[in-house]
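This report describes the fold, the packing and some local details of the structure shown here.

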Amino acid sequence: MKTRTLGQGLEVSAEGLGCMGMSEFYGAHDDAESILTIQRALDLGVTLLDTADMYGPFTNEQLVGRAVAGRRDDVVLATKFGNERLPDGTRLGINGRPEYVAAACDASLQRLGVDHIDLYYQHRVDTTVPIEDTWGALHELVAAGKVRHLGISEAAPATIRRAHAVHPITAVQTEWSLWTRDVESNDVLATVRELGIGFVPYSPLGRGFLTGKIATIDVLDPDDFRRVNPRFRGYNFFRNMELVKRVEAMATAKGVTTSQLALAWVLAKGEDVVPIPGTRRIAYLEENVAAVEIKLADDDVAKLDAAAPPGFAVGDRYPDMSTVNV
C-alpha cells in the first residue's frame, strides 16, 4: 500500500476505510463479517480507519475497537464528535460546546479501547457556538495527549480558516466524488491547499451509486437511508444513472471496474487526497484497494472530468443541506 501525508505530517495509507456502514444507515449488517473486513484492510496495508460516535450510535466505535485490538500500532484511528445522539438513536442536534467536546472524547476513547485518538474530527459545525471555543477545547485535548491530530468535516472556507488559526488542522473531510464536485468550486479545496491541510473525501463512490451495482432503488434494504436521499429518488435516480453508464463504459475500455475507475479519479486529484470508501465486505475492500495501483494519464482524468462535470448530478446530497458547508 502506498502512503500519503495529510497536514501536520500525518502519514496514512493512500486509501482509508470508512466504517460507518458496518453499523448503521445501509441496512442489515454483520459484526463478525465487518471485523474480518477491517482486519483484512490492515493486512493489505490500509492504516486509516474512519468512524464516529454517532454511527450506531456508539456501536461502530466499539466494533472498530474490537477489530484493532492487539494491532494498535498498525492503525491511524480517526473518529468524530458533534452529532449528538442518545443510545436509542434519538438525534439531539449538533453540539460544539467545549464541555461536550471533552466528554465526547473521553467516551470515544473508552469505546475504542485506546489511550489516544490519532485524528479527531469535528463532525459538523455548531453555528450556535463560536468555532474558536470549540477548537480551544480541541486544542486542550491535544495538549493533554488524548488526541494527536485535529480535523473538521463539511466546514466552509471561512470556518476552516478560523479553526486553523486556533490549532493547525490536519485534515478536512467532505464529500467528493465524480458526482459530488462542490469542493472544487466553493473554495474548500483551494483553502485547504493554501493552508497545507490534507483532504479526506468521504463517499468517493457516491454512497455506492458509482459502483454500478444499484440498478434500482428496490435493491436497497427497507431501512437503508439512501431511500430518502434526493439523488436516489424518482427522476433523479435515472438521470444520475447516465453518469454511471458513462463511467462504466470508460472503465470497461480500461479493463477495470467502475468502482476502481471512480476511486482512481479521486486519487489522481492530488497526493494530499486520501479517500475513505466504505464497505462491509472483503471482496469489495480488495477491489477498492486495487484502485491505488491504477495510473490515470492526464487525458484519462480530463475525459472523466468531462463525463461528470460539476453540477451534473441531480438532487441535493442530503434531504437537509443546512448542516454542510457552514
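## Terms and basis of the model

Helices (H or I, at least four residues) and strands (E, at least two) are DSSP runs, numbered from the N terminus, and two strands pair if DSSP finds at least two bridges between them. The model is predicted, and local features need pLDDT of at least 70, side-chain atom pairs count only at pLDDT 80 or more, and totals for chains, interfaces and linings use all residues. Residues are numbered from 1 along each chain as its sequence is written, and side-chain values use heavy atoms, with hydrogens and water left out.

## The hairpin

Strands β6 and β7 form a hairpin with 5 residues between them, and Gly-89 in the turn has a positive phi of about 100°. The two strands, β6 at residues 83–85 and β7 at residues 91–94, run antiparallel and are joined by 3 bridges; Arg-85 has Arg-91 of β7 as its bridge partner.

## Overall dimensions and packing

The protein has 10 helices and 11 strands. Its radius of gyration, taken over C-alpha atoms, is 19 Å, close to the 20 Å that the globule rule (2.2 Å times the number of residues to the power 0.38) gives for 326 residues, so the protein is as compact as a globular protein of that length. Along the principal axes, the C-alpha atoms fill a box of roughly 55 × 40 × 40 Å.

Of the 326 residues, 58% count as buried, where buried means under 20% relative accessible area, exposed over 50% and partly exposed in between, with a 1.4 Å probe and protein chains only. Among contacts (heavy atoms within 4.5 Å) between residues at least 6 apart in sequence, 76% join residues at least 24 apart.

## A loop residue

Ala-268 lies in the loop between α8 (258–267) and α9 (282–289), and with a relative accessibility of 40% Ala-268 counts as partly exposed. Ala-268 and Val-46 are 222 residues apart in sequence, and their C-alpha atoms are 18 Å apart in space.
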